[in-house]
Amino acid sequence: MRKFLQAGAALLVLALYGCGGTGVDFIIVNATEPQSLDPHLVEGVPEHRINMALFEGLMANDPRTAEPIPGIAESYTVSEDGTVYTFKLRDAVWSDGVPITAETVVKSWLRILNPETASPYAWFPAAFIKGAQDYLDGKAGPENVAIRAIDAKTFEMTLVGPLPYVLGALTHYAFGIVPIHAIEKYGKDWIKPENFVGNGPFVLKEWIPQESIVVAKNPRYWDAANVYLNSIKFLPTEDENSAYTMFIKGEVDWITSVPVDLIVEARKRPDYHNSAMLGTYYYIFNNERKPLKDVRVRQALARAINRAELTEKVTQSGQIPAFTMVPPMSGYPGAKKFTESVEEARKLLAEAGYPDGKGFPKLTLLFNTSENHKKIAEYIQQQWKVNLGIEVELTNQEWKTYLETRDRGEFDIARAGWVGDYQDPNTFLDMFLIGGGGNDGKYANTEFDRRINDAAKMRPGPERFKVLEEAENLFIYQDMGVMPIYFYAVNNMIDTSKWDGWYPNVMDFHPWKGIRRK
Amino acid sequence: MIRCNVLAYVLRRIVGMVPTLFIIVTLSFFIIRLAPGSPFSSERNLPPSVIANLEKKVHLDEPLPLQYLRYLGDVLRGDLGYSTKHVDFTINEFIARALPVSMTLGALALVLALSVGITVGVVSALKRNSLMDHSLMALAILGISVPMFVIGPLLQLLFSVHLGWLPTAGWLSSRAGGLTLILPVLTLAVTDFAYIARLTRTSVLEVLRSDYIRTARAKGLSQRAIIWKHTLRGAMLPVVSFLGPAFANIVTGSVVVESIFDIPGMGRFFVNSALNRDYFMIMATVIVYAVILVIANLIADLVYAALDPRVVYE
């Protein structure tokens, strides 16, 4: 009997320890299971992190600044009017050895624009390339899309205007270059580990849905000499607290967020990295409803809250109070900032016919269900009550319901957030054009529209920024079309005394290529 | 003769499941479409052309009755379709991977909850109103009232962070191997353990007061024979009724436990698919859950009948 028990115990120990051992160089908690690994079928940030390991576009990102640097393209030239770009491709090959040609780029971009691909991010290249929107809408054939292969290594594209931020956009997965030859061979399954072909610093090695994705160094990558990690594992761990515990215990090397309750603790650690991010948290005013129709009311509401106190005491994660729509951005001087002043806010409200908030209707403030949004809404509710004497009612809805309500314009004030797709003020402004995709508050000012449209036709430089600045002044300083609250910050945890090549930046892009153990 | 009855009964029950499942599938199919939003709504409203392309791909552009018939046909062929959120695998592939994970976890937790729960219940009942009884029942109350999202992180904190004995999270094939099972199984078992212990205690006490036990005592049977042969058999009936739904619940995965311990099981699909309006994934989770529930109930009924001679198959 005793022997039997011993054998049983030994078996148990074996079973428990048996399948351990991982042998990967680097583990990242990537927060969720990706929608797909196909660059043309995704739209999220976790997907982007994986994409940066597996694929490379014409342009890549500088690890320090996230600015565009040559990727598969070696160099480029721009026509006089800024609309025609000609790229010289380097001698790069796919992970199966097939050369990457200009024809591959053409076919790749036509794939994402093809209505049958049904890509959620197809609107992005369609907004840049001449003729692309018509193809995406099914109004014209692929032959009208202004991209072509001049020879095997020369690719040319014509834009709808001199959009100066296009190079940054080219690093995006929506402009991804994909192995057409493998897709033709394997169909939908080309993205599975056994068939996978890529052109990034890593190739897909193992993919267990909901469990982990492992990528291994791609020896055929054109810059393989500068790839230091042999393998990376992406975990889809959703629970932030567990991720944090795993990081503290050294079970993982990088986590991309910190639970709000643990921020104070995390901030004391040297492996905590807080950086400003290209994103704005704001409230949408329903510009068509009374009393928000009145610009004085919008001004009063926006100026009556204390953003510094909100970010320091409530959100606590390094956010920066926002008095403009566009976050600080290199080269862009920035629009005029409005000032917070309870006194002036009260005066404006009185002028609008509501002295001390008397007679002000009870408005509702809509946000999507989340502890963080709730805390912020409660703080602002309190400030408006104390400072202006007005009441707002808080309503929270589950994400998709909230989106639907916002889309239909069935709200007074609604919480919103926007993260820039590229480093240019335009990505924060053009959605507020009349009829724009993110303009749920129905902000309408033809002067604003004129400037945004003018800027789209201008060459890069200070003059164009001046026009965008004027547009933003109209939008926020003058009209208070929406109410900026803060600029986002990201909280990464990675021990940079152990890992080299990882730098905080405003896009929160961290190319895998240069990361190495010190 | 009896066996024949059982077989006929089981067959009848299985046939009876078909309309039940059909009604569940039909109701769910139409109810989920009533929820505001769509699988493709997002913060930046996609251009109508893109939405149209996306919808066309999964036939959401067709009239609803036609979609329903198409879906019913697919399900009958055993094809649960594609998720609108995770597009590289079929739902069948997802479930084929996730269900065994949840089942392993659930079965282990249930075995643990049953063995410990019944033991504790019986001991409590036999020593009723003793210090032991009170402390065990206090423990059970604690187990019922403290939610898993508190127990899980507490266990992590103790065994992983402070003692360093066990890994924080993960699943079998990755990192620490089988050791990753321990904390989630414990967490998952706590609630059911507490219910089973309390249920067992109550029903053991009740049975002990019944006439046939008094008769057994009067016949001079030993305490052991009374407990094992006569009491437990009767006292297990409420526990068995509880086990049917409990089994279905536990093997289809716990959202909380799977999320805390990063386990690639079914639990996450339940919540995430609903939040994402991932229509076909929602349907798949409903179908899986419904099938397991009706089967578990059938098994519970059979066990019940085996334990209780008064039950006849009709």
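Predicted model: local features only at pLDDT ≥ 70, side-chain atom pairs only at ≥ 80, totals over all residues.

Student: How many helices and strands does chain B have?

Tutor: Chain B has 12 helices and zero strands. Its C-alpha atoms fill a box of roughly 85 × 60 × 30 Å along the principal axes.

Student: And what share of chain B counts as buried?

Tutor: 48% of its 314 residues. As for contacts in chain B between residues at least 6 apart in sequence, 73% of them join residues at least 24 apart.

Student: Which domains does the assignment give for chain B?

Tutor: Domain 1 covers 21–76 and domain 2 covers 101–267. Taken over C-alpha atoms, the centres of these two domains of chain B are 41 Å apart.

Student: What about charges on chain B, how many positive and negative side chains?

Tutor: 26 positive and 18 negative, with 11 Å between the centres of the two sets.

Student: Why does A:I255 count as buried?

Tutor: Because its relative accessibility is 1%, and buried means under 20%.

Student: Which residues is A:I255 in contact with, beyond four places in sequence?

Tutor: Among them are A:V29, A:A243, A:Y244 and A:F247, plus A:N491, A:N492 and A:M493. As for A:V24, 231 residues away along the chain, its C-alpha atom is 16 Å from that of A:I255.

Technical notes:
Residues numbered from 1 in each chain as written. Chains lettered and ligands numbered in written order. Heavy atoms only, no water. Helix = DSSP H or I, 4+ residues; strand = E, 2+ residues; numbered from the N terminus. Buried < 20%, exposed > 50% of the residue type's maximum accessible area, 1.4 Å probe, protein only. Contact = heavy atoms within 4.5 Å. Lys, Arg positive; Asp, Glu negative; His and termini not counted. Charge placed at Lys NZ, Arg CZ, Asp CG, Glu CD. Domains from an automatic or database assignment.
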